[in-house]
Amino acid sequence: MNNRLLRFARNDKLTMNRTPFFEKHLALGGKMVDFFGWELPVQYSSIAAEHAAVRTHAGLFDISHMGQVFAEGPDAESYLQKLVTSDIRKAGVSQGIYGHFLNERGGVIDDLFVFRLEPQKFLLIVNASRKEADLAWMKSHLPPQNVQMNEALQSAGLALQGPLAQNLMEKLCPPAAALGHHRIGRFEIGDKVVFVSRTGYTGEDGFELFAPAGNLLIIWDLLMQTGKGLGLQPCGLGARDTLRTEAAYPLYGHELDEEHTPLEAGLGWVVHFDKGDFLGRDALLKQKSSGIKRKLTGFKIQSGGVARPGGIILYSGNEISAVTSGTFSPTLGQSIGMSFLPVPLAKEGNELTILMGTREMPAVTCQLPFYKRETSSYRRKPVSR
């Protein structure tokens with residue numbers, strides 16, 4: 001698992017970035033890896049144990065590497081409306097909406113969450129791997145006046161995930177625990193002010209906390225102390241990856257990139273054509289009219305072996321695609337993965353062969369997601385990584 005996660009890294013610097021929780025990770029026995037230039041824990045105890053904690057109790061993730069960007073001013077809404085696929089007007093105060101930045105070809109520059117904090121003030125949560133590119137792209141489209149854009153450089157982030165996340169939040173901050181899905185608010189936990197949202201990136205209920213690093217360092221301790229009785233465990237990148245893959249949530253650089261569109265990725269619901277013009281709209285309308293040629297599809301390995309990103313996919317002996325995400329599913333007890341397949345082969349039940357090096361593994365296509373919590377409404381609209 002460590003080697004696979006290291007493949008995500010794109011860092012040429014000798015010194016990696018560290019989040020405010022770095023010393024806490026080390027004290028808890030976190031095994032640190034390079035994740036796009038950030039030194040983060042891949043696991044503390046084991047990936048399987050941390051995965052199980054989130055599925056059955058609760059887990060706490062450090063997400064301080066993600067970008068937090070504020071956009072505000074009289075024209076902030078119209079500015080974001082032009083950049084994001086979703087209809088920003090539908091997000092009232094204290095509401096969030098998931099969407100994509102697109103290039104002119106309709107390829108995905110990044111996926112993100114946009115929260116409206118005030119009528120003319122928004123908080124954008126973007127991916128760590130795309131933060132610099134996002135900021136440059138946003139600045140290139142920034143109007144000369146009436147919109148101010150600033151990155152929250154001193155802020156940190158935590159993600160509390162799992163079926164008992166609400167119970168834990170109720171003990172620390174009942175008003176935050178009462179948040180609805182895709183809502184955000186400004187609350188006090190202890191005596192520290194923090195933004196709390198409710199989205200999730202694991203297939204479970206979940207809360208995200210954003211605040212200056214000094215505030216969240218104290219809140220980390222409060223969460224860990226209060227969560228002992230609820231089975232709360234600190235969790236690393238490994239469990240985050242297995243959890244999101246089971247839920248079929250996309251990861252930028254895997255299911256999302258500038259060469260694939262939201263329509264191909266099965267995320268057409270994030271594209272609101274009726275809202276009017278936005279960057280990439282014409283390309284998507286053209287693709288919608290002509291029909292997509294490839295579609296993100298799930299598969300399950302039939303016997304032995306684990307599919308990994310980059311594995312070659314064969315159909316009737318011919319190479320047709322590559323694995324975008326693949327892992328062993330602790331919940332299902334078998335290897336699972338995703339890939340962009342030609343539409344005629346994307347239906348359930350087609351037999352494939354996954355080639356990892358010289359090893360051939362039989363697989364069969366299946367519906368997504370692999371895992372869905374039946375009692376939860378927190379299913380297909382995750383916060384970005």
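Trainee: Which residue is the bridge partner of Phe61 in β9?

Mentor: That's Ala159. Strands here are DSSP runs of E, at least two residues, numbered from the N terminus, while helices are runs of H or I, at least four. Keep in mind this is a predicted model, where local features need pLDDT of at least 70, side-chain atom pairs count only at pLDDT 80 or more, and totals for chains, interfaces and linings use all residues. Residues are numbered from 1 along each chain as its sequence is written, and side-chain values use heavy atoms, with hydrogens and water left out.

Trainee: OK, and how many bridges join β3 to β9?

Mentor: Four, between β3 (58-62) and β9 (155-161), and the two run antiparallel. Two strands count as paired if DSSP finds at least two bridges between them.

Trainee: What's the strand order in the open sheet?

Mentor: β10-β11-β12-β9-β3-β13, six strands with mixed pairing.

Trainee: Why is one side of β10 and of β13 left without a neighbour?

Mentor: Because β10 (184-189) and β13 (232-234) stand at the edges, each with a single partner strand.

Trainee: Switching topic: which residues touch the most other members of the largest nonpolar core?

Mentor: Phe61 again, plus Phe115, Leu123 and Leu256, out of 37 residues. A core is a set of buried Ala, Val, Leu, Ile, Met, Phe, Trp, Tyr and Cys joined through side-chain atoms within 4.5 Å; buried means under 20% relative accessible area, with a 1.4 Å probe and protein chains only.

Trainee: Which element gives the most to it?

Mentor: β6, with four residues. There's also a second, separate core of 30 residues, including Leu168 and Trp220.

Terms used. Buried means under 20% relative accessible area, exposed over 50%, partly exposed in between (1.4 Å probe, protein chains only).
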